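Reader: I'm new to this one. Could you pick a single part, take me through it slowly and tell me how its pieces meet?

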Amino acid sequence: MRRRWPQVPARQWNDWRWQLAHQVRGASELDRFVHLTQDERLACSEKDPAFGWAISPYYASLIDPDDPTDPVRRQAIPTGAELVPHPEESADPLAEDEHSPVKAITHRYPDRAVLYATGTCAMYCRHCNRRRKVGSPASSPSGAELKAALTYLRAHSEIRDVIVSGGDPLSLPDARLIALLSDLRAVPHLEIVRIATRYPATLPQRITGTLASRLRALAPLYVNTQFNHLKECTPEAARALDRLADAGCVLGNQMVLLRGINEDPQMVKAMNRWLLLHRCRPYYIFQCDPALGTAHFRTPIESGLEILRALIGWTSGLAVPHYVVDLPGGGGKVPLVPEYLISHQGHSWMFRNYAGRQFTYVEGAPAKRR
Ligand SMILES: *Cc1c(COP(=O)(O)O)cnc(C)c1O
Ligand code: SF4
């Protein structure tokens, strides 16, 4: 509800720097435009640094002020449930800090690595699996640490794909972001440079025409974003995706499956169709990681499978992402697919199709020589 900031001229509202400088950070400020529950108000005043929160005015404007179950609101406003740890949880559920040869890098897979460019974001997602380290000044790598990360990447020619993440790399000013991406581009074995950012969903005004044209010069760039709900799919978000796609970026979406927020297969189908309209391919649905204080966000695995069953066959294959569990302890991502195979015997395989009808496929056996 933009009308909650009526005094702000459009020129400022549409300026991402204004938005970042005016992030909502206090319970009393939030109280002015959201009718906070007692639980939310208490949680917003919590001093634990692992609990930090801030919301861009743009993202806050999408919040339903009267509905504590609103999907945007639940992603942005803390609740007391975050203070309740569960035995399966840990601060670093994916053991990213263990697989970290230098501070700003996680290198887990054979041919790709993650680079942490900054620890700040436009909005601190309550479900964030890096909540242990985003939001605090100490979480952003120093110049020396970034330099060490580049040195590591240059020295490891088996890495051909680097994911620039954070925090959110688009929190960096253009000049620093472009300098970093250019340094990566200059490493011959880094064939793929990806940017992982939530800005198209949480502060789409960040994707200025100037930024887009600077990114164009660094093509090919892959940009993975995180839309979790149709409510985030606004005209501003559409413009951000269109600008990135026009600049030649290859867009993908990484949705995090969240209890009571996006467990709805029909909503996910509609969101994925909207993403495709804006040239963003649904890439992953993540099972929510067991980060400390996120049990209230985690769904049964069955919810993810149910979403896939509602997508596969029923809509464009382009709108069907991989559903993955990132294995706690650093096992990496594994895909989950609904079961379509009923049985197989010899060369004969019996399947159930997307609509539940049965079909048999017989493998071609090589002809026997006489
Ligand atoms: C997810 C992830 C990647 C990228 O995985 P893809 O399946 O290639 O998208 C790379 N490194 C780490 C540590 C990751 O968690
Ligand atoms: S934008 Fe990404 S890094 Fe930042 S809080 Fe959200 S999930 Fe975490």
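Author: Let's start with a cut-off: angles under 35 degrees count as roughly parallel. Keep in mind that this is a predicted model. Now look at helix 8 (residues 174–185) and helix 10 (residues 209–216), whose axes come within 11 Å and cross at roughly 10°. That angle is under the cut-off, so helix 8 and helix 10 are roughly parallel to each other. Their crossing is right-handed.

Who does the touching? On the helix 8 side you'll find Asp-174, Ala-175, Leu-177, Ile-178 and Leu-181, and these meet Thr-210, Leu-211, Arg-214 and Leu-215 in helix 10. Sort the residues of that contact and you get 6 nonpolar, 1 polar and 2 charged.

Charged side chains also pair up elsewhere: a search of the whole structure turns up 23 salt bridges. One of them joins Arg-131 to Glu-82, with the closest N and O atoms 2.6 Å apart. Arg-131 sits in the loop between strand 2 (112–116) and helix 7 (143–155), while Glu-82 sits in the loop between helix 6 (71–76) and strand 1 (105–106), so the pair ties together parts 49 residues apart in sequence. Arg-131 is buried, at 9% relative accessible area, and Glu-82 is buried too, at 7%.

Arg-132 has a salt bridge with Glu-96 (3.2 Å, N to O). Here Arg-132 is partly exposed, at 22%, whereas Glu-96 counts as buried, at 6%. Both also belong to a network of salt bridges that links Asp-92, Glu-96, Asp-97, Arg-130 and Arg-132.

Technical notes
Residues numbered from 1 in each chain as written. Chains lettered and ligands numbered in written order. Predicted model: local features only at pLDDT ≥ 70, side-chain atom pairs only at ≥ 80, totals over all residues. Heavy atoms only, no water. Axes fitted to C-alpha atoms, helices over the stretch in contact; angles between N-to-C directions. Helix = DSSP H or I, 4+ residues; strand = E, 2+ residues; numbered from the N terminus. Parallel < 35°, antiparallel > 145°, perpendicular 65-115°, else oblique. Left-handed = near helix turned anticlockwise from the far one by under 90°. Contact = heavy atoms within 4.5 Å. Nonpolar A, V, L, I, M, F, W, Y, C, P; charged D, E, K, R; others polar. Salt bridge = Lys/Arg side-chain N within 4 Å of Asp/Glu carboxyl O. Buried < 20%, exposed > 50% of the residue type's maximum accessible area, 1.4 Å probe, protein only.
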